[in-house]
Amino acid sequence: AHSCGCSSCSTDLLETKNKDLPGNWSSSQFSHVLRPWLPYGLALLLALGAEVLYHLNGSNRGPGFMGWIDFSALLALGAIGITGFRTFKQGWLSAIRLKLTMNALMSIAVTGAFLLQYWPEAAMVMVLFSLSEKIESLSVTRAGNAIRKLLDLSPEQAQVLQPDGSWYETRIQLVQSGSIIRILPGERIPLDGFVQEGSSWVDQSPLTGESIPLAKQIGDPVFAGTINQDGVLVVQTSTSADQTELANIIRIMRQAQENKAPTQRFVDIFASYYTPLVVGAGVITAIGPPLLLGADWSLWIYRALVMLIISCPCALVISTPVTVVSGLTAAARAGILIKGGVHLENAGRISHLALDKTGTLTAGRPSVTEFHSFTENTQELFHGLSVLGQQSTHPLSRAVAHYASSKLETEASDLKIPAKTEEEPFIHTIPGRGISGSLGQSRWLIGSRLFLEEQGIIHTITREYSNSLVYVAKDNQLAALFEVSDVIKPSSSGAIEDLKSLGIEPVLLSGDIQNTADQIARTAGIALAYGELLPADKVQCISDMQSRGFRVGMVGDGINDGPSLIQSDLGIAMGALGTGVAVESASVVLMDDDPGKIPFLIRLSRHTRQVLYRNITLALGMKAAFVAITLLGYGSMWLAVIADMGVSLLVVFLGMRLLKFGNK
């Protein structure tokens with residue numbers, strides 16, 4: 001969707017987001033998404049075909065290194081050429097330069113399998129490895145996508161007051177600080193500034209993540225990217241387009257991405273030690289005995305070659321993508337989208353988990369938490385509010401109306417909804433203040449304290465409240481007071497306790513006032529809470545914890561969480577209600593916004609790493625045993641084939657057992 005700042009763009013944001021869901025995709029969209037994966041599907045089919053032909057022609061294979069090339073080999077070569085040519089080329093170039101990377105490990109594995117004429121294993125290793133590399137590469141671009149989504153939040157045009165009193169629409173890059181701009185209802189605010197004329201409710205959730213709109217009147221600050229809801233605002237800009245709070249968030253995200261060192265996978269680290277060790281041992285075996293003891297050269301070169309073939313890391317290379325893909329699949333079945341195996345491995349390593357408040361621990365929408373009545377007839381009060389409040393689109397009024405309606409349903413009442421023949425309710429919205437209305441012969445006011453005072457209704461309430469307040473007056477008398485806040489999700493407290501049992505320390509990071517942050521933290525069972533944080537402050541909090549040696553995860557759903565999601569060692573976004581920026585910035589997406597899934601993710605990650613370590617230990621142990629047999633003179637080429645193939649099948653089986661993890 002284009003983001004010109006017009007009201008049609010603002011009101012269509014939800015429709016645009018829904019159009020991007022898979023259930024509404026067109027055939028062209030599916031084609032665009034699936035096209036990059038077609039080569040991998042074709043290569044997988046060729047590798048499976050090579051497996052079938054390999055077994056059908058098993059009696060024709062000779063024990064030598066370079067037997068006749070059958071169709072199985074041709075299919076395997078096709079699979080490798082489609083998906084792994086670049087990896088194979090880079091691997092051997094690295095090996096030639098004595099830089100034994102993961103690509104070099106792969107190239108040795110594929111070459112060893114081909115020398116043994118085990119074409120299907122060579123093809124399957126390369127296809128699975130290339131597929132895992134493709135999944136990893138998709139997560140690399142997430143920060144760029146997130147930044148592009150942020151840029152779309154700011155309208156490209158602004159209405160600027162001219163010397164002759166007219167309004168002229170121009171690009172925001174040409175608007176200087178101190179200019180006067182006008183924002184109509186439903187439009188996004190193009191630049192930071194202060195209200196000069198008018199009043200309105202402004203939805204600041206795109207910037208702060210807070211779910212409750214704020215009333216803006218003369219002198220109040222407004223920020224680029226937020227949404228003007230119901231009144232015309234005339235604003236004097238305080239910054240240029242490249243100095244707004246939104247522009248600062250974009251800069252912070254870019255800096256976090258640039259400063260964050262890339263995470264190295266376990267297998268990459270392992271390969272840097274294993275591959276040179278094996279190659280070096282092979283060279284020593286081939287030339288050591290002949291040079292030092294005068295032994296037969298051909299015999300020891302043969303034994304060295306057998307040892308290298310036994311040590312061929314096919315099992316290690318296969319087990320990693322199979323185990324990781326099995327773990328990713330188990331997570332997906334549980335409603336957790338993990339953007340690559342590196343993030344699956346990292347999830348189990350975090351020691352601290354920073355959590356945003358709104359939309360993460362809380363429901364992300366205002367609800368009535370306390371009700372104070374100043375009238376004896378509460379049933380009549382609830383009836384009036386349920387009728388009048390439903391006519392308003394403001395979230396606070398809707399929350400009050402929902403509360404009143406639920407009370408009418410649960411409490412016995414003789415009151416009936418007015419019949420159609422009775423006078424219809426009349427509603428008038430006062431931007432930035434509240435609503436006034438009439439029902440029957442009664443006059444109602446629903447809104448802020450300032451609104452009631454402006455209408456001449458004086459009250460003597462002196463108590464301080466930590467939540468947002470909605471005042472209700474009936475016939476010029478204060479009738480009720482509602483405390484409204486964002487309530488904690490039912491699963492949040494259990495998730496926090498579960499995280500603690502796993503040895504992870506939860507920390508609350510919120511843009512809300514400190515009192516509200518403390519209250520939510522106490523309810524959820526979190527000991528440490530930071531409130532009144534801007535996006536840069538959240539990044540600093542995470543950076544401070546990382547500087548003390550902690551591995552920090554971050555859970556969020558808002559645009560303001562984007563920089564901290566990137567800065568963290570593991571970014572987790574809420575997928576259902578979360579913004580596109582948060583989803584793109586995160587490494588993990590919870591599709592149903594349930595924080596209770598996070599402990600499951602941690603356990604799955606730790607179990608996946610255990611399986612990886614177990615597979616590597618098993619493969620190395622078996623290979624060490626066969627190497628010893630070879631050095632004692634009992635090894636052979638066929639024994640090397642059986643050993644390598646058997647271990648490969650075993651570690652694949654163990655890796656695929658992760659698919660059942662979600663059933664526990």
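Me: Before we start, a definition: buried means under 20% relative accessible area, exposed over 50%, and partly exposed in between, with a 1.4 Å probe and protein chains only. Why is Gln477 called exposed?

Reply: Gln477 has 54% relative accessibility, and therefore counts as exposed. Its place is in strand S17. A word on the source: this is a predicted model, where local features need pLDDT of at least 70, side-chain atom pairs count only at pLDDT 80 or more, and totals for chains, interfaces and linings use all residues. Residues are numbered from 1 along each chain as its sequence is written, and side-chain values use heavy atoms, with hydrogens and water left out.

Me: How do you know which side of H21 is buried?

Reply: Thr516, Ala517, Ile520, Ala521 and Ala524 are buried. They cover an arc of only 135° around the axis, so they lie on the same side of H21; the arc is that of the directions from the helix axis to the C-beta atoms. On the other side, Asn515 and Arg522 are exposed.

Me: What makes S5 and S6 a pair?

Reply: Two strands pair if DSSP finds at least two bridges between them. Strand S5 (residues 200-203) and S6 have 3 bridges in the antiparallel sense, and Trp201 has Ala215 in S6 as its bridge partner.

Me: Why is S6 called an edge strand?

Reply: In the open sheet, the order is S6-S5-S8. Strand S6 (214-216) pairs on one side only, as does strand S8 (227-228).

Methods. Helix = DSSP H or I, 4+ residues; strand = E, 2+ residues; numbered from the N terminus.
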